[in-house]
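Hello,

I am handing over the structure we talked about, and my notes follow it. Please have a look at it first, then read on.

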Amino acid sequence: MTTTTPAAPKTAKTQSTEYFEVGAEIKDAKAPGGAIEQKWSKRKFEAKLVNPSNRRKMTVIIVGTGLAGGAAAASLGEAGYNVQNFCYQDSPRRAHSIAAQGGINAAKNYRNDNDSTFRLFYDTVKGGDYRSRETNVYRLAEVSSNIIDQCVAQGVPFAREYGGLLDNRSFGGVQVQRTFYARGQTGQQLLIGAYQALERQVAAGTVTMHTRHEMLEIIIVGGRARGIITRDMVTGEVESHFADVVVLATGGYGNVFFLSTNAMGCNVTANWRAHRKGAYFGNPCYTQIHPTCIPVHGETQSKLTLMSESLRNDGRIWVPKRAEDCEKDPRQIAEGDRDYYLERIYPAFGNLVPRDIASRQAKNMCDEGRGVGPAVKEFDAEGNERFVRRGVYLDFAEAIGRIGKDGVAARYGNLFDMYAQITGEDPYETGMRIYPAVHYTMGGLWVDYDLSSNVPGLYVTGEANFSDHGANRLGASALMQGLADGYFVLPNTINDYLAGSSKFEKVDETHPAAVEALESVTDRIAKLLAVNGTRTVDSFHKELGNIMWEYCGMYRTEAGLIKAIGLIRKLRESFWKDVKVSGVNEDFNQTLERAGRVVDFMELGELMCVDALHRRESCGGHFRAESQTEDGEALRHDDEYAYVAAWEYTGTAQTPILHKEPLEYEFIELKQRSYK
Amino acid sequence: MAITGLILIGFLLMHMYGNLKMFLGAESFDHYAEWLKGDILYPLIPKGWFIWLFRAFMVAAIVLHIYSAVTLWSRAVAANPTAYAAKKKLAQTYSARTMRWGGVILAGLLIFHLAQFTVKAALVNGPASASSYDMVIGEFSVWWMVLVYALWIVTVCMHVRHGLWSAFATLGANTSAKARAVLNGCAWAIALLLYIGFMIMPVAVLFGWIRS
Amino acid sequence: MNITLRIWRQANASAEGRMVTYQVQDVSADMSFLEMLDLLNEDLTLKGEEPVAFDHDCREGICGMCGVVINGTAHGRGESPVPTTTCQLHMRSFEDGATIDVEPWRAGPFPVIKDLAVDRSAFDRIIQAGGFISANTGAAPEAHAAPVGKLQADRAFDAATCIGCGACVAACPNSSAMLFTAAKITHLAMLPQGQPERYSRIKTMIAVHDEEGFGGCTNIGECAEVCPKQIPFDTISQLNRDLIASLFKKDGK
């Protein structure tokens, strides 16, 4: 990869449109000064401590049991706190961290290839397109080695070499081999490790597990987060739970697009409810789009499946040169009639360009009418229905010629089998069809260096916070961040807050704030059940997804985003008039669960569009039409947008307030990316 | 279950060996029958005691085997309160499926077998003769008795087929897919050996190849 | 495609259940089985009927949340050419006009919550009884301190791929959870880190397995046949070997 200095910005207007107001700047003051290598040690030393014998008197609520939540619950349980852990699934082992395939980075330098904490830090900041906070990312790189040690001690069966030592591979386009992996199931194995540590604490009595419980509201008392309201998803009972501190480890919100690689149950409700009660939402529009997913087969599709990015190492991506060839069997399209567009546009990187570029160019090809596979219904910028083929070929004929079918099978056999099972096609014969899909959300609740939100006593970890990945996440670093937050960061910062908990006000069910929170939940449920309209919950969710994907996906324009905001507002009105939620609250009612989530997704969707609208730059995974170079590549504006956008809630359909946290780069020099 | 099962299979092999002495003639077989009741292990134990100790041991094995089976069965019944409306078998063999009811049928016929040849209270062909050899020939000269035994030994061998594999698996011998194939092969071989070994003598009697 | 479904409907754990027949029209062969159920539920909702409750989450075959018995086999293994979870079974495995029976996992320790959803928390309690390595956060030695031979590592991995879906129990004529328990025992027994608790773990896990009401294993093999992750059947023998060995150890007595 070559780098150039930042180009001069084309536009230089500071906006305060009718869609938002600009509030006071914020600054994260928790990270101490001094050399970057010293900051985390210093912070740990300065943090107030809690006497081990006092810890069991302190209650910690943790929502979520994925890598960030499960690891935190286990670690805080081991430390001796009284942990109350919640998840919406039937077991903590089901959290969606389980689906991560690729691996986890750590700066072990086991390959003796110049890796170091600083290089992992550098690669992560660069991968995030210079929109993440240096201090947090350095700490992430610093604790990465401890994560591997911890996981191995728990019995995580990482891939090993014949000598019995751990194997590494390179991942996500970086030039060192620092990724630890467990076949294609790294997330599963890491999560099972955390789950086992968690169950050990459940047996020890330090952690109480509440499965099939969904958090629907947060209880704020005297400005502090002091509890949550949950719904028991089996009986419908709405309950209040109290604590000295609340941790949200509730994952990402990719399902705002309806179709994503997220699990069906992934939702933004816990985060959104906290946001409504005062927690800032950081960079909501930062979404990672993954280029190699199995395309949509039709309107009834419920989710998308990721195929590992490693396929691009041997597969060649192409579409027919002529639109009229798109219906043909790919084997009948002559070599000369194929457009290997990534190799054509980016001769130096070819099929291995970064995720955002591979994704965007696939979209461009399909927009030109040269996509392949089934034509699926969608809506154009004017809202008209149209049918477009959304898929490009990922072809292995060349690789099969070079290393044989067996060679390809040895490298990618399980992925080929997975593809064949889902599509019913034989990828050895026809190649694969792929298309980008929403995969990860870098945005999330704003947190400081201690992972505390701006609401005292509300901590946010893992994908649920915005902190470490900037505008685009480096491959194999989501697992790293979840476990870093859960095992090593939160357990060393939360004590600083809990040390003062003896002075906190006493709260129980009768406290007005708790009563208000509980009533707001029961009211909302009653309201949802009372509409009794004519449209299903999923039909609204799909429509929201279509709007988000069309206007707030890979390619964004000012006009499109403004249009999207209008469409979402209309959709929300129509939802509250016309949705049909069957059944009653006092039951296992999956329609009711989904309805509540869609309500929050609609509000989030609007904020995402506002955030995308205000950020008039192309950055990380996002291409903003108004900000491109002469040859159509992404153009970042560091002078105007080198900040975290932290949004304050002011009311449904009210203009939110933007607080900027300036990003200062002391240790890394900002550079514009170029892959040509 | 596994250990008592293996003891019982061991007994069957020994019993089969003893039966085959029929082919060596009356003297040999009768001597064998008398020897069992005679001075085995004398003077460690008094004469004639061995057969009773051995019988007690076999009864204990059978009782323990049945006790384990009943425990497993009742646990399975308790763990299956509702039956499937549709159920399809993918892996299980007929032998595996019929272990329980097969075991009951087998045990029922065992009682008859003991009443017939040990207690000599249920002989179908005349009063008990002095010679065990003659008694066996007498009983197996009846064609339907041979048929009853042919069917009974089928149930025994099916029980042995799954039982032997299962006993080794329970004792930890199923270490790989290959080990599983080997164990199942052995189970088949021993089941077939038992069937042939047990049935060849009654058939020989029926067709007159062995005569008094 | 048009499909006739016969689905187990049961209002709650204490209610009587029964099979109810539904028609689903316009099913595409590319749909997953659960997308076909989504289609049925959309239709039922619009008609004002109660949708069918079923558990599911990742829909990519890894979380272990989904699982129903289809035409008499767990996850529809009898219909699929390859081992599969319910979410990865596709409608192209069925003929147009087919009648499909859909039932929940049936086992005493997995009580029905509603329709096709069951309570599998017994699995969590088996893990709580010892399915872990006691390694507190921060106390871990350097990752390369204990090498693991590749054979051992691979065998540990094969066992560790269990997703805890419960298909093994659903398929077992004895409703035994032995394959699930054996997978965890084998995973941890193969690793040097798992040795200190190896023989105490097995006693406590088996005790809880039995207390939860799962049946005993009679080596029939239905469990491994339906397992979406192909947990080897021989892990059960590994468990038995360790159990026998544990009888001669003082650990956990």
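A term to start with: a residue is called buried under 20% relative accessible area, exposed over 50% and partly exposed in between (1.4 Å probe, protein chains only). By that rule Trp272(A) and Tyr649(A) are both buried.

Some background: this is a predicted model, where local features need pLDDT of at least 70 and side-chain atom pairs count only at pLDDT 80 or more, while totals for chains, interfaces and linings use all residues. Residues are numbered from 1 along each chain as its sequence is written, chains are lettered from A and ligands numbered from 1 in the order in which they are written, and side-chain values use heavy atoms, leaving out hydrogens and water.

Back to chain A. Rings of Phe, Tyr and Trp (its six-membered ring) pair if their centres lie within 6.5 Å; planes under 30 degrees apart are stacked, over 60 edge-to-face and the rest tilted. Trp272(A) and Tyr649(A) make an edge-to-face pair, with 6.3 Å from centre to centre and 85 degrees between the planes. Ring pairs also join these two with Tyr253(A) and Phe281(A) in a cluster.

Now to chains B and C. Here 42 residues of chain C are in contact (heavy atoms within 4.5 Å) with 33 residues of chain B. There are two salt bridges between these chains, each a side-chain nitrogen of Lys or Arg within 4 Å of a carboxyl oxygen of Asp or Glu. One of them joins Arg75(B) to Asp210(C), with the closest N and O atoms 2.9 Å apart.

Enjoy exploring it!
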